[in-house]
Amino acid sequence: YEGATGAATVNKLFQRAYGHDATDEEIKNLYNRKAAIFRAMPEPEVMPGAKRLVEYVRSLPWHPLTVLVTGSGQMSLLDRLNRNFDGAFPESMRVTAMDVTSGKPSPEPYLKGMTLANVTPQQSIAIENAPLGIMSAHRSGAFTVAVTTGPVPSDEMWKAGADVVFESMEQCADMFPQLINELTSETNISHSQPLS
């Protein structure tokens, strides 16, 4: 369920276990419990290659229009982004679970991100690591880059609609400058905005 909103994930689990959606109170309680468990765990290391990719994107002239599109609304996760990638994802350029009615795989999160950046789908590049996010980005019309960062096999990324699949964040960081050069020269989308 990676990429889905917390409420959508709780409802999927309730549907599977009980045959009905959770109440708003149950969703709130379970999400708060999950957030407490996450906060109690040791903070993970930044994924190898992630800082290099973010620094490259920050070096591009259109970086100020980069939008973070996340299915999370968990403040501890968003705070960690601030600590690990200082200034890269300002609050005014974020679409979180709290900003959408329909989370990933709906295109709504990416379409809202495009509205924030004031760009068209043809001017947008999405970087995703989960099938639901890839479906969301693909359905929005963005050029969709998938990065394998966990146990989901790369063929699932292709099936979800990825235009390009990188086998690791390090490979993505290595190859992203070349991809941007190819996209801007071949398709003339020189004002593309990454939405991640």
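How much space lies in the second largest pocket? In this predicted model, the second largest pocket holds about 240 Å³ of space.

**First stop: the pocket lining**

Please select Thr5, Gly6, Ala7, Ile27, Lys28, Tyr31, Asn32, Gly73, Ala97, Met98, Val100 and Thr101, which line the second largest pocket. Colouring this selection by class shows 6 nonpolar, 5 polar and 1 charged residues in the lining.

Next, display helix 1 (6-18) and helix 2 (24-40), each of which supplies at least two residues of the lining of the second largest pocket. Which helix gives the most to this lining? Helix 2 does, with 4 residues.

**Second stop: a pair of packed helices**

Now move to helix 5 (residues 108-117) and helix 6 (residues 131-140), whose axes lie 7 Å apart and pack at an angle of about 55°. Helix 5 is therefore oblique to helix 6. The crossing in which helix 5 passes helix 6 is right-handed.

To view the contact itself, select Pro109, Tyr110, Leu111 and Met114 on the helix 5 side.

Notes: Residues are numbered from 1 along each chain as its sequence is written. This is a predicted model: local features need pLDDT of at least 70, side-chain atom pairs count only at pLDDT 80 or more; totals for chains, interfaces and linings use all residues. Side-chain values use heavy atoms; hydrogens and water are left out. Axes are lines fitted to C-alpha atoms, for helices over the stretch in contact, and angles run from 0 to 180 degrees between N-to-C directions. Angles under 35 degrees count as roughly parallel, over 145 as roughly antiparallel, 65 to 115 as roughly perpendicular and the rest as oblique. A crossing is left-handed if the near helix is turned anticlockwise from the far one by less than a right angle, and right-handed if clockwise. Contact means heavy atoms within 4.5 Å. On a 1 Å grid over the protein atoms alone, a cavity is a set of points where a 1.4 Å probe fits but cannot get out, and a pocket is an open set with protein on both sides within 12 Å along at least five of seven lines; lining residues have an atom within 4 Å of a point. Grid points are joined across faces, edges and corners, and a volume is the space filled by probe spheres set on the points. Ala, Val, Leu, Ile, Met, Phe, Trp, Tyr, Cys and Pro count as nonpolar, Asp, Glu, Lys and Arg as charged, and the others, Gly among them, as polar.
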